[in-house]
Amino acid sequence: MPAVLEIEGLRKTYKSRRRGTRNALDGFDMRVEAGQVHGFLGPNGSGKTTTLRTLLGLIRPDGGRMSILGHDVPAALPTVAGQVGAIVESPQFFPHFSARDTLSLLAGAGDVPAERIDEVLELVGLRDRAGERVKTYSLGMKQRLAVASALLKNPKLLILDEPANGLDPGGIREMRTLMRTLAESGMTVVLSSHILGEIQLICDSVTIISLGRRVAFGPVEEVLAQHSSGAVRVRLEAVTDLPAAAEALIRSGIRVTGHPDHLMLAGVDKPATVTRLLAEQGLYVSELAPVAVDLESVFLELTATAPVPGQHRQVDQSTKVGEAGQTSTGGGWGA
Amino acid sequence: MSLYRTELRRLAKRRFTRWATLLGLLVLAAVVVGVFFTNEKIGPAQLAQAEQRAEQEYQQQVRWSEQERAACEAAKAGGTAEPDRYPEDCSVISPPPREAIEAQWFLPSTFDFRESFGFTLLPFAAILALVGFVVGASFVGAEWNTGGMMNLLLWRPKRLTVLLTKLAALLSGLLAVALSAAVLWFAGFWLVATFRGSTEKMTSGAWQSFALTGLRGVVLALVLATAGFALASLGRHTAMALGGAIGVMVVGQFALGILLDMAGVRFAEAWLLPTYAMAWMQKKVTLQDWQSCNATFSGECQPATLDITWQQSSVLLAVGVIVTLGAALWTMRRRDIS
Ligand SMILES: Nc1ncnc2c1ncn2[C@@H]1O[C@H](COP(=O)(O)OP(=O)(O)OP(=O)(O)O)[C@@H](O)[C@H]1O
Ligand SMILES: [Mg+2]
């Protein structure tokens, strides 16, 4: 499938006279294929918003290559802007205009027919409140307006930075359906969010960023499978055989945690090896279950941001790929 | 083109634009109305009345001097005269001659179009310029600090085009308002002159001169609007332009004025901006240096003078526009927008 969005080696350094330099993006790669809903995940301050802003030409990169719909950006932004709808982190609107006026002014600037305004207002559920001033809107209503503004162009690529921020449960579910519908109609959606349950439900693929570098990417199931870390739960017919089984498994290089009635194994490539190993010892397995992991735990593991009791993790304390002891989980471009 | 039309629409939709324009127009109207009611037409009735008032005044003077003389003589006779109160000879206390009291003094003020209209163009230009400055600053300043600019750039990623189109919309909006206001201003004062004064002696040359002055006033307003726009865009906030303007006025003009005065600099006003605005409108401002008069000892004192011409002002205005707008465009091209 063709890539709608490609980023290679993107770097952005913020310079401040007092605090020196900060590498917000440090050789970041990303690839999004057409028609997908792509999740863009990362801890606070990892560079998601910076990436999206750079992509949209709002800030200048210090290095790297980006392309949207096959055109190099930022050079070709004027050409592709009409096909990219975006909201960037808690969008703001002129507070004294109504939602309809706001959209109408955007539509005017972008040569979008006026009928489209009512369509998107309907779509995001603001139809009956569209005449009121944005100042009087609630957080979620503003967010809905932002989504409406991004949809106005009927874009090929939709970029949403934390669109669920402030939405009510019904709104989140609606957003989920909306995105699926849009993707089915051929739109590509890039979605940054911290609600990983949501991402897991709606995204086809994800990119995980930490400290300005990519730590994982690929289809959701693949990322989950790669990082389920081969956790397997084993029960035997006789509980008394557990110590013997543990010993046999440890000998074969498998990490084992003992529990009163079962064993937890880690680092198992193929569950079949476990069955074979134990059968050779005359031990019979009554249950062998790969433990399902969710995106949240994979995320926490990959970014090393799981809370540790008694410690307060500071922002910027997360995985830095490319440094000693860390390995990147993906290959190069589009692997 | 669609962007330009949209920006015009945005400008007209802004409440601040509407209120500031309305307020400016109301102040202008108030000036016309005020002038209307403080002036009167001079006809035979007014002349007769003035004549009568002059006569009354003369009679009063006569009565008063007679009283004084009588008092003087009485005091001399009684020997109670305070030495300084009355002159030696009481007969010198006499009324002024009749001709010394002119009927002209008692005429009500009247609006002579040819003589007075030129001066009214000064407040006209000042009010328009003020409205232009604040509207220009707020138009782009509010856009920056509410994130509207960022939204717009997502739609139109050409930064300079966006900023210049906004400026074009602002200037054409202001021009439309200013030209209609100027027409109303001419018409208003023509009416004032017709009903409360005179419209005589209006040659085509006089008309041309007024039209040119009015045009210079409009240009001044456009220049200030551009400056306000550029400053607010530089600082990404309306307050930046307003604060900058107040800063320039207070520090740059007030303090500078006092400082120059204390230092005894010749032609201190030549360093102050309002002088150049005046010169722009009146074609020429002549500054006088009364200090230099002390040096001469013979007869009449002719102070040294310095002429500031509208050409010099135009250079200053052009440099101001180029510098502020240039800086605004330069930062617009380069800055990170967040
Ligand atoms: N204007 C700026 N000046 C200096 N540093 C900045 C600026 N904007 C962002 N940064 C820094 O760049 C890094 C990445 O910020 P970014 O906003 O991209 O994070 P994010 O991934 O969007 O985080 P969040 O999940 O909290 O939205 C942070 O360390 C941040 O402090
Ligand atoms: Mg962010």
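Colleague: How many Å is an oxygen atom of ligand 1 from an N or O atom in the side chain of Thr49(A)?

Modeller: A polar contact is a pair of N or O atoms within 3.5 Å; within protein, one must be able to donate a hydrogen and the other to accept it, and residues adjacent in sequence count only if both atoms are side-chain atoms. Here the separation is 2.5 Å for Thr49(A). For Asn44(A), a side-chain N or O atom is 2.9 Å from a ligand 1 oxygen, and for Glu162(A) a polar side-chain atom is 3.3 Å from one. This is a predicted model, in which local features need pLDDT of at least 70, side-chain atom pairs count only at pLDDT 80 or more, and totals for chains, interfaces and linings use all residues. Side-chain values use heavy atoms, without hydrogens and water.

Colleague: Which residues come nearest to ligand 1?

Modeller: A residue is near a molecule if one of its heavy atoms lies within 4 Å of it. Of the 14 residues around ligand 1, the nearest are Gly45(A), Lys48(A), Thr49(A), Thr50(A) and Glu89(A). H1(A) gives the largest share of this shell, 3 residues.

Colleague: What is the make-up of the shell by class?

Modeller: Ala, Val, Leu, Ile, Met, Phe, Trp, Tyr, Cys and Pro count as nonpolar, Asp, Glu, Lys and Arg as charged, and the others, Gly among them, as polar. The shell around ligand 1 has 3 nonpolar, 7 polar and 4 charged residues. The lining of the largest pocket has 29 nonpolar, 3 polar and no charged residues.

Definitions and conventions:
Residues numbered from 1 in each chain as written. Chains lettered and ligands numbered in written order. Helix = DSSP H or I, 4+ residues; strand = E, 2+ residues; numbered from the N terminus.
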